[in-house]
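Subject: Structure handover

Hello,

Here is the structure I promised to pass on. Please take a look, then read my notes below.

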Amino acid sequence: ARLFIVGFLIVRLFAAMAFVAAASVLGAMGHLANFGQVAEFGVSHVHQREQMQWARRAYRLDARTLRIDLLNAVKEDVRDHHTTHAGRIDTLLLVHTLLLTFALATLQFSGQYVPQTGESCPECVEVAYPFLVAIWVYLIAAILILPFWCILM
């Protein structure tokens, strides 16, 4: 029975040692798991740095794209303004050309439209109202001056 007890104690000792060895192996495995986590942090750090580089590149590209879009919008706006002003100038030139033509045609009037003096026509309206002659002179001057002034504008 003594042998049995000694054998039992030896088996128990070996079981305790096996348990300690297993605990050591499991502890080492835990440390390996911690090393895996540290390695994962390192990989995550490298990945984060690469992502930041790509984000910076994308930001620079977006900024350039925005500048190009703004320049294109300004270019289109200037082109539209130029087209509008060119059309307005063409219209103004046409109107002023017609105005000059009609103004010069108005000046080619016959003698019946020239104001008369009191000796040649005592019953004429311009003899009774002399201020009408002054108005007529100013209108004729405007007919001569305004078309040329409009062309200069």
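Helices are DSSP runs of H or I with at least four residues, strands are runs of E with at least two, and both are numbered from the N terminus. By that rule, Y129 lies in the loop between α2 (125–128) and α3.

Some ground rules. This is a predicted model, where local features need pLDDT of at least 70, side-chain atom pairs count only at pLDDT 80 or more, and totals for chains, interfaces and linings use all residues. Residues are numbered from 1 along each chain as its sequence is written, and side-chain values use heavy atoms, leaving out hydrogens and water.

Overall picture

The protein chain has three helices and zero strands. From the N terminus the order is α-α-α. The chain has 153 residues, and 5% of them count as buried. Buried means under 20% relative accessible area, exposed means over 50%, and partly exposed is in between (1.4 Å probe, protein chains only). The chain exposes about 13,400 Å². Carbon and sulfur atoms supply 72% of that area. Accessible areas come from the Shrake-Rupley method with a 1.4 Å probe; for residues, only the protein chains shown count as cover.

Helix α1

Helix α1 covers residues 2–107. The structure holds one salt bridge (a side-chain nitrogen of Lys or Arg within 4 Å of a carboxyl oxygen of Asp or Glu). E76 and R79 form it, with their closest N and O atoms 3.1 Å apart. The two residues are three apart in α1, so about one helical turn separates them. E76 is partly exposed at 36% relative accessible area. R79 is partly exposed too, at 43%.

There is also a charge over a ring. The rule asks for NZ of Lys or CZ of Arg within 6 Å of the ring centre and within 35 degrees of the ring normal. The charged end of R57 sits over the ring of W54, 4.8 Å from the ring centre.

The disulfide

A disulfide is a covalent bond between the sulfur atoms of two cysteines. Here it is counted when a pair of cysteine sulfur atoms lies within 2.5 Å. The count comes to one. C121 is joined to C124, with an S to S distance of 1.8 Å. The torsion about the S-S bond is about 95 degrees, so this disulfide is right-handed. Both cysteines, C121 and C124, are buried.

Y129 is partly exposed, at 46% relative accessible area. One aromatic pair turns up in the whole structure. Y129 and F131 make that pair, edge-to-face, at 6.0 Å centre to centre and 70 degrees between the planes. For such pairs, ring centres of Phe, Tyr and Trp (its six-membered ring) must lie within 6.5 Å; planes under 30 degrees apart are stacked, over 60 edge-to-face, and the rest tilted.

V125, Y129, F131, L132, I135 and L139 form a nonpolar surface patch, with about 580 Å² of accessible area together. Patch residues have over 30% relative accessible area and no salt bridge; like charges are joined within 9 Å, nonpolar side chains (Val, Leu, Ile, Met, Phe, Trp, Tyr) within 5 Å. Helix α3 gives the largest share of the nonpolar patch, four residues.

Helix α3

A142 sits in helix α3 (residues 131–152). A142 is partly exposed, with 28% relative accessible area. A142 and A103 are 39 residues apart in sequence, but 9.3 Å apart in space, C-alpha to C-alpha.

Best wishes
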